[in-house]
Amino acid sequence: GHELAGEGIADDDADSGLESLLRWRLRRLGMTVRTQRSSAAVRRVDALTGDRLIVEADGVVNHDGAALRHKDLVRDANAAAWGYMTLRFDYALIVHDWDLVEAAVLGALATLARR
């Protein structure tokens with residue numbers, strides 16, 4: 001089907017410690033966080049919370065440079081076409097400015113709930 005599928009409780013599948021930290025902090029807020037391994041829209045995502053909010057942890061290795069940035073933008077556009085919202089945060093935001101990340105996630109979830 002066209003649904004995002006798969007559920008990750010443990011973080012063994014995290015590509016980086018940054019993804020694990022992101023998931024752990026979201027779960028501490030009481031959110032259900034799923035990791036997605038396959039989707040017609042976006043393939044694998046770092047975290048899906050709520051029904052339609054994708055949260056990505058953008059480390060330097062996998063997201064640096066114009067070609068990789070373009071790939072991220074294409075993934076985000078495909079996700080939006082399927083009704084998903086994507087938020088992307090880098091290392092500095094996740095580690096040093098968590099209050100802003102938390103506010104953004106909560107605001108996005110509230111926006112999606114009103115739709």
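This is a predicted model: local features need pLDDT of at least 70, side-chain atom pairs count only at pLDDT 80 or more; totals for chains, interfaces and linings use all residues.
Reader: Let's move to helices. How many residues does H1 have, and how far does it reach?
Author: H1 has 12 residues and reaches 16 Å from its first C-alpha to its last. That is close to the 16 Å expected at 1.5 Å a residue.

Reader: Which residues of H1 are buried?
Author: Leu18, Glu19, Leu22, Arg23 and Leu26 are buried in H1. They cover an arc of only 135° around the axis, so they sit on the same side of H1.

Reader: Why would residues a few places apart point the same way?
Author: An α-helix has 3.6 residues a turn, so residues three or four places apart point the same way.

Reader: Nice. What is exposed on the other side of H1?
Author: Gly17 and Arg28 are exposed there. Just after H1 comes Gly30, which takes a positive phi of about 90°.

Reader: And what covers the buried residues of H1?
Author: The cover includes strands E1, E2, E3 and E4, together with helices H4 and H5.

Reader: How many salt bridges does the structure hold?
Author: It holds 7 salt bridges. One of them is between Glu56 and Arg75, with the closest N and O atoms 3.2 Å apart. That pair links distant parts of the chain, since Glu56 is in strand E3 and Arg75 is in helix H3, 19 residues apart.

Reader: Is Glu56 buried or exposed?
Author: Glu56 counts as buried, because its relative accessibility is 4%.

Reader: What does Arg88 form a salt bridge with?
Author: Its partner is Asp76, and the closest N and O atoms are 2.9 Å apart. Arg88 lies in strand E4 and Asp76 in helix H3, so the pair ties together parts that are 12 residues apart in sequence. Arg88 is buried, with a relative accessible area of 17%. Asp76 counts as buried too, at 18%.

Reader: Which residues do salt bridges that share partners join into one network?
Author: Glu19, Arg23, Arg44 and Asp46 are joined into one network that way.

Reader: Back to Asp76: what is it in contact with?
Author: Leaving aside its neighbours within four places in sequence, Asp76 is in contact with Thr86 and Arg88.

Reader: And its helix, H3: how far apart are the end C-alpha atoms?
Author: They are 22 Å apart, which agrees with the 22 Å that the 16 residues of H3 should span at 1.5 Å a residue. Asp72, Asp76 and Ala79 are buried in H3. Seen down the axis, the buried residues of H3 fall within an arc of 60°, so they line one face of the helix. On the other side, Ala66, Ala67, His70, Lys71 and Ala81 are exposed. Gly83 follows H3, with a positive phi near 95°.

Reader: Last topic! Which residues touch the most other members in the largest nonpolar core?
Author: That core has 17 residues, and Leu22, Leu26, Leu53, Val55, Phe89, Ile94 and Val105 touch the most other members. H1, E3, E4 and H5 each supply at least two residues of this core. H5 gives the most, with 5 residues.

Reader: What does Leu53 touch?
Author: Not counting residues up to four places away in sequence, Leu53 touches Ala47, Leu48, Met85, Leu87, Val105, Ala108, Leu109 and Leu112.

Reader: And which residues does the second core include?
Author: That separate core of 5 residues includes Val45, Leu48, Ile54 and Tyr84.

How values were computed. Residues are numbered from 1 along each chain as its sequence is written. Side-chain values use heavy atoms; hydrogens and water are left out. Helices (H or I, at least four residues) and strands (E, at least two) are DSSP runs, numbered from the N terminus. The expected span of a helix is 1.5 Å times one less than its number of residues. Buried means under 20% relative accessible area, exposed over 50%, partly exposed in between (1.4 Å probe, protein chains only). The arc is that of the directions from the helix axis to the C-beta atoms. A nonpolar core is a set of buried Ala, Val, Leu, Ile, Met, Phe, Trp, Tyr and Cys residues joined through side-chain atoms within 4.5 Å. Contact means heavy atoms within 4.5 Å. A salt bridge is a side-chain nitrogen of Lys or Arg within 4 Å of a carboxyl oxygen of Asp or Glu.
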